[in-house]
Amino acid sequence: LARFATEGPKKNFFLTKRALKKQKDIFAILLQSIAAELERCKARELASVMWSLGKLKEHVSLIVSECEKEIFRRDVTSFKAPSVCQLLNGFASLDLKRSQFFSLIEKSILEGKLKISDFENRGLAGVLWSFSKTGNGSRELFEKFEKEILSRSVKNFTSAQLVQFLWSFTQKEIQCDKLFEITAQEILERPMADLSDYSINMLLLLFAKAGPDQHKEQGKLFNCLGAEVRQRGVHGFDTKELSMLVWSFAKGCPNIESVFDIVEKELHICGISRLTNEELSLILWSFAESGNLSATLFNACQEEILSRDVSLFKAHQLSQVIWAFGMATVPSLGFFSIAEKEVLSNASHFSDKELSMILHGFSRSSAGTHKLFTKLEREVLERNIPENNPGIIPELASAFSECNYKATLMFDTMEKVLKATDQSVFSEQELQEIKMAFFKVGRQHCPLHNTNMHT
């Protein structure tokens, strides 16, 4: 069974399943034979069975439930660290998120019955991945794992394992600054050519999610990884990986234009039509955010979007596309007329941030009717967005000051909120945006105290 799991095509799971179908009878007999002998399996053999089933995604088979029953018949302490890793990996791969095995292992670790120090480096990465993928594991458990990771020499971890550690903590939204810091330092000391495309993409994504300049060496890391991407090209990246790549650079280091150039070339080669709605919106947002406003790319994307049913775009996707076209200089009135209908019909479906992005997109492109801006103003005021979230006022003020619509009630409300808000919540740039917005709409006396108007 393990041979079936490891000898299939590595890149694509469905190719593995296709290969298994050719030997369907043998595989069925193999599963039946193992199911009949589960009680006689040693702990490590049972773990190997579960790991293999996970690898093969054989979750519809009766053997999975039989295997799980057999696991729970045994004392959890009968499974040593390598077997625990295989079992958790199997459960996670089969998406058995609610399995009690996760809580049993967590309890065993926290009580000291199963020592984390017994796990090899590969096992540590595998266990963390399993808990994160399934949403299991407490903060206490993850902090215990972090302490163990930091107690070991970072040089003994493979780059793939370091990536797996960072992904697991990021997925659980548990801060691990020290781990990010030592990972960045270690990766920079290793040959970039040794990194897989996957590891490069994940490192960029994870550091970008952590936020710009949150960790020492982050800028240097992005520059080095960007240089490696430029050198090897992106021909091996699929459309999802391409969208992740440009999003990461847009968030973490938007100044590396050459990466956006090679991604754009690859997108035209593989075809814009192959992009999903999620990929299309993410790519447009990333290019716009980084200031790479290629007329060729934006026109091609607009043509593709107009060939689709725009109502099938989710709220965050449509708001990203609207904002991106607003930032671009290419004419996109055909798109905006269709997008307006969707916004008018579903204004309540958009989050506060998405409404702000929509406002910016329409106002910057000089698109949108009086009816649209009236609807958006009403939606913002009915939700009490300025009062509930004063930090979004600079964006709202800027957007409403640029559109061809007199948002009197909006500016009255923002003025009232600003008078009662501590200026320290705004950056210097945001304060200037607020002042300029009020000035544009003829309100020379901005409600910010102790500030000078610069025209």
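Guide: What follows begins with the whole protein, turns to the aromatic rings, and then visits some other places along the chain.

Please keep in mind throughout that this is a predicted model, and that the values I quote are computed from it. The secondary structure of the protein comes to 25 helices and zero strands, and its C-alpha trace spans about 85 × 45 × 45 Å along the principal axes. Of the 455 residues in the protein, 52% are buried. The exposed surface comes to about 22500 Å², with carbon and sulfur atoms supplying 49% of it. If we take contacts between residues at least 6 apart in sequence, 72% of them join residues at least 24 apart. As for charge, there are 56 positive and 57 negative charges in the protein, and their mean positions are 5 Å apart.

Now to the rings. A pair of aromatic rings is described by the distance of the centres and the angle of the planes. A search of the whole structure finds 16 aromatic pairs. In one of them, Phe-79 and Phe-101, the ring centres are 6.2 Å apart and the planes stand at 90°, so this pair is edge-to-face, a label that applies to planes over 60 degrees apart. Phe-79 belongs to the loop between α5 (62-73) and α6 (81-93), while Phe-101 belongs to helix α7, and the pair links these distant parts of the chain, 22 residues apart. Both Phe-79 and Phe-101 are buried.

A second pair to look at is formed by Phe-222 and Phe-249, whose ring centres lie 5.7 Å apart with planes at 85°, so the pair is again edge-to-face. Because Phe-222 lies in helix α13 and Phe-249 in helix α14 (residues 239-252), the pair ties together parts that are 27 residues apart in sequence. Phe-222 and Phe-249 are both buried. Returning to Phe-79 and Phe-101, you will find them again in a cluster, in which ring pairs link Phe-79, Phe-91, Phe-101, Phe-102 and Phe-131.

Helix α13, which holds Phe-222, covers residues 218-232 and includes Gln-218. With a relative accessibility of 2%, Gln-218 counts as buried, because the cut-off for that word is under 20%. The side chain of Gln-218 reaches the backbone oxygen of Phe-207 at 3.4 Å. Leaving aside neighbours within four places in sequence, Ser-199 is in contact with Ala-160 and Val-163.

Not counting residues up to four places away in sequence, Ser-117 touches Glu-148 and Arg-152. From Ser-117 to Trp-51 the separation is 66 residues in sequence and 22 Å in space, C-alpha to C-alpha. Gln-444, in the segment after α25 (428-440), is partly exposed as well, with a relative accessible area of 45%. The C-alpha atoms of Gln-444 and Gln-100 are separated by 64 Å, and the two residues lie 344 apart along the chain.

Glu-173, in the loop between α10 (159-171) and α11 (177-189), has a phi near 55°, which is a positive value in a residue other than glycine. The relative accessible area of Glu-173 is 69%, so Glu-173 is exposed. Ser-366, in the loop between α20 and α21, likewise has a positive phi of about 55° although it is not a glycine, and with a relative accessible area of 67% Ser-366 is exposed.

Terms used
Residues are numbered from 1 along each chain as its sequence is written. This is a predicted model: local features need pLDDT of at least 70, side-chain atom pairs count only at pLDDT 80 or more; totals for chains, interfaces and linings use all residues. Side-chain values use heavy atoms; hydrogens and water are left out. Helices (H or I, at least four residues) and strands (E, at least two) are DSSP runs, numbered from the N terminus. Buried means under 20% relative accessible area, exposed over 50%, partly exposed in between (1.4 Å probe, protein chains only). A polar contact is a pair of N or O atoms within 3.5 Å; within protein, one must be able to donate a hydrogen and the other to accept it, and residues adjacent in sequence count only if both atoms are side-chain atoms. Contact means heavy atoms within 4.5 Å. Accessible areas come from the Shrake-Rupley method with a 1.4 Å probe; for residues, only the protein chains shown count as cover. Lys and Arg count as positive and Asp and Glu as negative; His and the chain ends are not counted. The place of a charge is taken as NZ of Lys, CZ of Arg, CG of Asp or CD of Glu. Rings of Phe, Tyr and Trp (its six-membered ring) pair if their centres lie within 6.5 Å; planes under 30 degrees apart count as stacked, over 60 as edge-to-face and the rest as tilted.
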